[in-house]
Amino acid sequence: MRNLLLKIVYYCIATLLVFACVLYFYLLKYESYIDQNYARLTSYHNQGLIIGTSRSAIDLEPSILGGQLYNFSFTIDASPYDNSYMALIRKYHQNASFDKNRIHILTVDPWALSSIPGAENLINPSFTSKLKLEPMRPNFEYILRFANLSIWEISNVMMNSDRNLHINSFGRMIKPMTEEFLNKDYKRKLGVKIDNYKQSETYKKGKISANKLRNLEELIDYLKLDGKVYLIRLPIASEMLELEDTMCPEFNSLMLNISGKHKVTYIDIMPARNQFRTTDGHHMWENEIPKFNRYLRTVLDTLNYTNAVGKSDFIKP
Amino acid sequence: MLFNSFEFLIFFPIVFILYWFVFSKSYRNQNLLILIASYVFYGWWSWKFLGLLALNTIIDFLYGFGVNSDNKRKSKLFLWLSIINNLGILAVFKYYDFFAVQFQHLFEGFGVHLNPTLLNLTLPVGISFYTFHGMSYVFDIYYKRQKPISNFIDYAVFVSFFPLLVAGPIERANHLLPQVQTFRSFNFRNAVYGCRLILWGMFKKIVIADSLAIVVDLIYSDFSGQGATTLIMGSIAFSFQIYADFSGYSDIALGTAKLLGFELLSNFKFPYFSRDIAEFWRRWHISLSSWFRDYLYIPLGGSKDGKYKAIRNTFIIFIVSGFWHGASWNFILWGFIHACGFLPLLLLGKNRKNLGNVAAESSKIPSFKELFQMLSTFAFVTFAWIFFRIKDFNDALLFIKRIFVNLVEDPGQLLHKPGGILAVLYIVPVIVIDWFLRRDERNLRTVKNPVLRAVIYIGMGTLILLGLFKGSSESSFIYFQF
């Protein structure tokens, strides 16, 4: 018995040592590729923030919009306007005294601001509510609790890390796709997405959440202390827009009310949606992103120039 | 509690140490500890269903005395009461909603609109397994293979023994109960073998099955956009995923039991080296197929009352076996397909042809004939798995149709690399290792050189440890749902 237990202990210690070495060398070379969230959670952010779900995580490129921005958007599960995401923003954002050149972009859509009545508190919003420690690099809390370190994931990252979903230094999610693949696959993928969304509980039972609206308003007030805040509705495919209009036909007027109340600008880019191609109806295609972000920058520059505050803009194509 | 969790890595060493150092004076003490540990193990998933497990245990324990009566009528009455009770509990939790919906559809066909109340109950983990444990006890008493036991703790250990509680192997009373009622002493060789089984089982589950699951989920969740070769790759990957997942669980169960001094029934004997469907079913989920054989097929008359009854009974056990997996038409169809694969062998009297031997019994590689037989059996089994994996019948047909239509439209794709090709890296080691072990599944050989052996064990341990860090994604065993 003693012999067996000793052997097991030796093997366990040796295994732990090898595990630590593998983890060390993996992090040394592939840290930023761990997953699509990790890189954003390794430091405090003392720039303007881009807030939202996967649409803004993919669509908005801070290096084009203006280098003083950091994209702190995640996914619809991790970063709708729920309490835990709000707490995470406050934890990671370093507030500066008001800087008139700093801007914050809060992207809004009916999905991000809806929830199923009665089930709002039952939804477990992944890592955002569970991260306890302060930002650090390497963020071992995140790695050991939320990252996937399986050999499949590691080998996949090591073999084609450039093509993997990852975050650039401005926090934007990179999702490469060739034009050939897009042309071939777009219609089918859009159909699948639309079907999935129509089957979702949020579509069937979801309502605009009073709690999320309150969070949005509080976030506007909080970020207004630190620069200008813009509410932006990003462009998506017409088929997707139809779904959103069915879910919440009065969404634009709701946002206009909020922007008016808090004296920030609401920009609906939906009318220009046909100018930008998406991969699945609501995430912009990688090759369109520079064009879109230059377009948005022009819009923001114009508003900044005219110093429009509290003005609501619908962009005409 | 899952075997592939950090909780189990803490739970089992504690049980092991208490078992051999604190509760080791008598087998009664050992049994008491196992019972407590089993209820903790099960209650970790949901303590609410511990009552159901206890109720099931008490009922079959009491029925055992009634079934043991010398009065044939009384014995039969208690047997039926036990069957009704056990299947009744299964029916309520597992099958009621299915039948309610089917009746609703049936009546709608006649223009009658029913609005049945659905229970929408959570299916207690392992209910099909522990119910079958209890039934085997009552059946064995009825057939005079087992005497009813008077100690309730011993019986409760038999039903709820944690290594096999939630996904088998489905033990027989006359195999496990004598071990429960005997003092277990520590055996170094057995314990080392148990550790190896646990290591290999964990490796199959965490490294092989969970990796293949990523490919399979990607391909199956969006099959309409995939090419034919990718769909074939996905189907093959699923065959190995479910094998590595379930046989991995069984290996961990067997290894854990061995460390506590128990020998459990083998559940797998390299099924993908089978040369026909009959042999496959003697090698796949053996404890379930032999359960149905002994307690359903043979009581129905087996193959003794002529060809017609043999065919009828074969279809019954395959369909019931499919239905045992879940209240859904796809499982029934899966069972039916296997029955159809078995039928020609039965009609030709070849269903017992490959009994007692294994492919390439006396050589290192199979003959061409054996290779063809193995590949064709594997192809058939893989085809049937499609209906097991895809719940919706129309989707399963679309999946298969897409393979053929896509190949006809674009035969050139056969020359290109299919999607999910990385899965091969995970499938090949399983095939190679299984092939070398095929003559004796209990002889999990080890490398003679101690340094190389240590490197292999530590390497496997590291991969398992890495795989345990799966982020927020839970990775349960496939057979937990049954």
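This is a predicted model: local features need pLDDT of at least 70, side-chain atom pairs count only at pLDDT 80 or more; totals for chains, interfaces and linings use all residues.

Colleague: How far apart do the C-alpha centres of domain 1 and domain 2 of chain B lie?

Modeller: Chain B splits into domain 1 (6-185) and domain 2 (189-275 + 354-481). The distance between the C-alpha centres of these two domains is 29 Å.

Colleague: Which element gives the most to the side of domain 1 of chain B that touches domain 2 of chain B?

Modeller: In chain B, 28 residues of domain 1 are in contact with 20 residues of domain 2. For the domain 1 side, α1 (6-22) and α7 (173-180) of chain B each supply at least two residues. With seven residues, the top contributor is α1(B).

Colleague: How many salt bridges are there between domain 1 and domain 2 of chain B?

Modeller: The two domains of chain B bury about 2,100 Å² between them, 76% of it on carbon and sulfur atoms. Five residue pairs are in polar contact there, both at pLDDT 80 or more. The salt bridge count between domain 1 and domain 2 of chain B is zero.

Colleague: Which element gives the largest share of the side of chain B that touches chain A?

Modeller: Here 32 residues of chain B are in contact with 26 residues of chain A. The area buried between the chains is about 2,700 Å². On the chain B side, α1, α8 (188-221) and α17 (450-468) each supply at least two residues. The largest share, nine residues, comes from α17(B).

Technical notes:
Residues are numbered from 1 along each chain as its sequence is written. Chains are lettered from A and ligands numbered from 1 in the order in which they are written. Side-chain values use heavy atoms; hydrogens and water are left out. Domain bounds come from an automatic or database domain assignment. Contact means heavy atoms within 4.5 Å. Buried area is the accessible area (1.4 Å probe) that two parts lose on being put together, summed over both. A salt bridge is a side-chain nitrogen of Lys or Arg within 4 Å of a carboxyl oxygen of Asp or Glu. A polar contact is a pair of N or O atoms within 3.5 Å; within protein, one must be able to donate a hydrogen and the other to accept it, and residues adjacent in sequence count only if both atoms are side-chain atoms. Helices (H or I, at least four residues) and strands (E, at least two) are DSSP runs, numbered from the N terminus.
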